[in-house]
Amino acid sequence: RKGGLTNDEKIVYGYIKGEGNKGIWIKDIKRRSNLHQDAVNDAIKNMEKKGVIKCVKSIKNPTRKIYMLFNTVPSEEITGGAWYTDNDIDVTFINELAKIVMNFIEKKSFPSDGKEQNLLYSAGYQGYATTRDVANYLRQNKIVTVDLSMGEIQTIIDMLRFEGKIQRILKVGDSRLGQAWMYQAIRAVGSKGNSLTDVPCGTCPVVDFCKPGGPVNPDNCVYYNKWLEF
C-alpha cells in the first residue's frame with residue numbers, strides 16, 4: 001500500500017503501521033518523525049483520502065486523534081470491547097446480558113421436578129454452572145451478536161456475585177481445571193418455597209454433614225438460632 005506515497009507520507013505510514021491495532025496519536029507521530037506539523041497533517045490527510053489509514057476514537061482518550069492502517073481492527077483497549085457502542089458504555093446491553101446469565105445460572109442451581117421450589121442439591125453437587133457453561137450457552141443459542149471473551153463473561157458473573165445474586169462454589173474432581181468455580185443462585189428472601197426451604201436447614205449446603213455432636217450440628221448453628229429469634 002506504500003506505492004504512490006510521498007517521502008513524508010512513507011515516514012508517517014511507517015509510524016502508524018508500527019503501532020498495529022493500538023494506533024498512534026497524531027502528536028506522537030509529529031514528535032517521533034521530527035516532521036513539520038503541516039507536513040504531518042498533509043500526509044495524514046492525503047493517506048486518509050487514499051484509504052491507506054483511518055482515524056479511530058479511543059474510549060480512554062476521546063479527544064485524541066488516533067490513527068491506524070485502514071484494514072486494521074482496533075484493539076479492545078481502543079474500543080472498550082463488547083461493553084461499548086460508539087465509544088459509550090452500553091448499559092442496556094450489559095443489564096440484559098446479566099439477566100440472561102442470571103436466568104441460566106438459576107436454572108442450574110435448583111432441582112426441577114415440576115413442583116414448587118424444593119431443597120437445594122446435596123452437598124458436593126458438581127452440576128452448577130461454570131463460566132464455560134455460560135459461554136457455551138450464549139454461543140450455542142446465538143444470544144449475542146458479538147464475540148464475548150471468557151474474561152468478558154466472567155465480568156458479568158462477577159458483577160452478579162458482587163450484587164449478592166449468586167455465590168461461587170469450588171469445583172472438584174477434574175485436575176485439568178485447576179482451581180475452577182461453579183456458580184449457584186441465591187434465593188431472594190420471601191421467594192416461594194415449602195416449609196423446609198424456609199428453615200435454614202433447607203438451603204444449607206452442608207446439611208448432609210449436620211448431626212448432634214458433629215462438626216456441624218444444630219446445637220451451635222448460628223443461622224438456625226437467628227432463624228428461631230426471627
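Two strands pair if DSSP finds at least two bridges between them. Strands (E, at least two residues) and helices (H or I, at least four) are DSSP runs, numbered from the N terminus. With that rule, select β6, β8 and β7: these three strands form an open antiparallel sheet in the order β6-β8-β7.

The model is predicted, so local features need pLDDT of at least 70 and side-chain atom pairs count only at pLDDT 80 or more, while totals for chains, interfaces and linings use all residues. Residues are numbered from 1 along each chain as its sequence is written, and side-chain values use heavy atoms, with hydrogens and water left out.

**Stop 1**

Color β6 (129–130) and β7 (166–171). Both stand at the edges with a single partner strand each, so one side of each has no neighbour in the sheet. Next select β8 (residues 180–185), which pairs with β6 in the antiparallel sense over two bridges. Show Thr 130 and its bridge partner in β8, Met 182.

Axes are lines fitted to C-alpha atoms, for helices over the stretch in contact, and angles run from 0 to 180 degrees between N-to-C directions.

**Stop 2: the neighbours of α5**

Keep α5 and select helix α6 (residues 131–140). The two pack at about 115°, with their axes 11 Å apart. On the α5 side, show Leu 97, Ile 100, Val 101, Phe 104 and Ile 105; on the α6 side, Asp 133, Val 134, Tyr 137 and Leu 138. This contact has eight nonpolar residues, no polar ones and one charged. Here Ala, Val, Leu, Ile, Met, Phe, Trp, Tyr, Cys and Pro count as nonpolar, Asp, Glu, Lys and Arg as charged, and the others, Gly among them, as polar.

The axes of α5 and α7 come within 10 Å and cross at roughly 80°, which makes the two helices roughly perpendicular (65 to 115 degrees; under 35 is roughly parallel, over 145 roughly antiparallel, and the rest oblique). Ile 94, Leu 97, Ala 98, Val 101 and Met 102 of α5 meet Ile 156, Ile 157, Met 159 and Leu 160 of α7. By class, the residues here are nine nonpolar, no polar and no charged.

**Stop 3: the sheet β1-β3-β2**

Move to β1, β3 and β2, another open antiparallel sheet of three strands, in the order β1-β3-β2. The edges are β1 (24–25) and β2 (53–56). Two bridges join β1 to β3 (residues 66–69), and Ile 24 stands opposite Tyr 67 in β3. Helix α3 (residues 37–49) packs on this sheet, touching β2 and β3, and its direction makes about 105° with that of β2.

**Stop 4**

Select helix α1 (residues 7–18) and helix α2 (residues 26–33). Their axes come within 10 Å and cross at roughly 120°, so α1 and α2 are oblique to each other.

Finally, show Glu 9 and Lys 50. They form a salt bridge, with the closest N and O atoms 3.3 Å apart (the rule is a side-chain nitrogen of Lys or Arg within 4 Å of a carboxyl oxygen of Asp or Glu). Glu 9 lies in α1 and Lys 50 in the loop between α3 and β2, so the pair ties together parts 41 residues apart in sequence.

Terms used: Contact = heavy atoms within 4.5 Å.
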